[in-house]
Amino acid sequence: MELTGSRESLSREGSSLPGEWSSSALGQAFSQILHQLTGQESRRSKARNAALQDLSALLEATECDTLFEGSDASLRGMPQLLGQVAEALEKYAAPPRESEGRGERHSEVAEKAAAVGLLFLKLLRKVEAAKNSLVCPAWKTGLRHLAGPIYIFAVTHSLEQPWTSSSPQDVAEQVLALLLQVTECGSVAGFLRGEKEDEKGRFPTIMGLLKSDLNKESWKNNPATKHVFSWTLRKVTRPWLSQHLERTLPPSLLISDDYQTENKILGVRCLHHLVLNVPAADLLQYNRAQVVYHALFNHLYTPEHHLIQAVLPCLLDLFPILEKALHWKGGAARPTTHCDEVLQLVLTHMEPEHRLLLRRTYARNLPAFVKRLGILTVRHLKRLERVIVGYLEVYDGPEEEARLKMLETLKLLMQYTWPRVSCRLVVFLKALLKLICDVARDSSLTPEPVKNALLEEATDCLILLDHCSRGQVKGLLANIPQSCEDSKVVSCIQKVQRVTEGAPCDGT
């Protein structure tokens, strides 16, 4: 077999025995491979394959103690040089721009990833051998330079994405497992934050490597970067995340501000993780919480149910932080809050909304807003009344999620605002009776457990309504059992009538 350039240089510079190669000759060989991977030659398939073959041969032939030696300034030291080679390999196997990476390009990425993954496994085994030999202390320095690029590669190709396939995924998972083993970490979270209290962790290193690809001009050059960042961020939790807020908040905002819904959702999930895992004092500093709030609030104007479902829970967790500085002194009316502002917009969107997926999404989150505002929900009572009644009238499919959530919202509303409910008795009573009759006569494919849940929730609402109106509901329903022939409707009415008269309203 004919030797290629880097192996020929080794033959000229050093001994014929691989174990006796000097660090100078080895450094030159790695420098040549690095040039092949990063220069214009790397675009040619022949040069690419030759560089990978040379690197594989060097790793197989070089002893671990020789691999991590070298401190010559002109050679930049072997550990640092190995780190640069690892970075070049990671970028070489990275997927292309989204506009370019379709079909054949994805298969090419999978092929590259499988080859690079095998090289990383060889490198990590060399580190493990050096670690176990006890005669090569430089392995720690080498691992410090290698861990970051290898981690980014492993995460990039182990996630379920268009550019991955089963073979490179298996290799990437092996690489990640071996990396955790060599670094003596029990989990990815431990690898990032540090397994011990006095251990720094490798999250700053990872963020440093991702930084150049996470700015406004370059973050779409590599479609894997946003996923690696998001996946990595969510592995770091309280209390370790607060010290990295300045590194993680800007890219989270950047990704969420994109025009593509997929990216908006990814960014919002990153922001939600920060809200949950960074102390309120840090988020309030420099007005960060307000910046996050406005970024999230603007997404509410985008009628995409997946996005709305990501935004609303994030806002609900952000409200306690934003409202820490608000203190009601009594006497004057309570100031409106961010929660009021969001609920007002949500109700405005809910009233005319006809798309079922969006209706379910809004309804799913409405009870949490009522719980959050409590008695202050009375500010939105008129609009809530219209929304609840309107949603209870519309069939929502076999699962009936929207109507069930509206009944839950109505129950909470009556518990928190019971003094104002009696004047709306007729409106709510008509809506609930109509719902009970519709469900009782429903001959569609709605499962029986769902129908029973609707009837039970509607009955509970009638009981609460009766409590809030001081027994008026019983009087209005008194003649229904004699005139109604539907057993399910009669059963619900009788449950309301059996409730002990004068019982206090729940939640008061």
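This dialogue walks through several features of a predicted model.

Visitor: What is the mean pLDDT of the chain, and how many of its residues reach 70 or more?

Guide: Where pLDDT is low, the predicted coordinates should not be read in detail. Here the mean pLDDT of the chain is 85, with 86% of residues at 70 or more. Over residues 9-19 the pLDDT is below 50, and that stretch has 17 contacts in the model beyond near neighbours in sequence. Residues 504-508 also stay under 50; the model gives them eleven contacts beyond four places in sequence.

Visitor: Which residue caps the N-terminal end of H11?

Guide: Asn 222 does, by way of a side-chain oxygen 2.9 Å from the backbone nitrogen of Ala 224. Asn 222 sits in the loop between helix H10 (203-211) and helix H11 (223-233).

Visitor: Is Asn 222 buried or exposed?

Guide: The cut-off for buried is under 20% relative accessible area. Asn 222 has 13%, so Asn 222 counts as buried. Leaving aside neighbours within four places in sequence, Asn 222 is in contact with Ala 94 and Pro 95.

Visitor: How many residues of H11 are buried, and what covers them?

Guide: Ten of the eleven residues in H11 are buried. Among them are Pro 223, His 227, Phe 229 and Leu 233. The cover includes H7, helix H9 (188-193), H10, helix H12 (245-256) and helix H13 (261-277).

Visitor: Where does the second largest pocket get the largest share of its lining?

Guide: Rolling a probe the size of a water molecule over the atoms shows where empty space is left. For the second largest pocket, that space is about 490 Å³. Of its 17 lining residues, Leu 143, Thr 183, Glu 199, Gly 201 and Arg 202 lie nearest the centre. Helix H7 (residues 139-158) gives the largest share of the lining, six residues. By class, the lining has eight charged, five nonpolar and four polar residues.

Visitor: Which residues have a positive phi although they are not glycines?

Guide: Glu 184 is one of them, with phi at about 60 degrees. Glu 184 lies in the loop between helix H8 (166-182) and H9, and is exposed at 60% relative accessible area. Asn 287 has a phi of about 65 degrees. Asn 287 belongs to the loop between helix H14 (280-284) and helix H15 (288-299), and is partly exposed at 49% relative accessibility.

Visitor: What kind of peptide bond joins Arg 238 and Pro 239?

Guide: The bond is cis, with omega at about 5 degrees. Pro 239 is in the loop between H11 and H12.

Technical notes: Residues numbered from 1 in each chain as written. Predicted model: local features only at pLDDT ≥ 70, side-chain atom pairs only at ≥ 80, totals over all residues. Heavy atoms only, no water. pLDDT = per-residue confidence, 0-100. Contact = heavy atoms within 4.5 Å. Helix = DSSP H or I, 4+ residues; strand = E, 2+ residues; numbered from the N terminus. Buried < 20%, exposed > 50% of the residue type's maximum accessible area, 1.4 Å probe, protein only. 1 Å grid on protein atoms, 1.4 Å probe; cavity = no way out; pocket = protein on both sides within 12 Å on 5 of 7 lines; lining within 4 Å. Points joined across faces, edges and corners; volume = space filled by probe spheres on them. Nonpolar A, V, L, I, M, F, W, Y, C, P; charged D, E, K, R; others polar. Polar contact = N/O pair within 3.5 Å; in protein donor to acceptor, adjacent residues only side chain to side chain.
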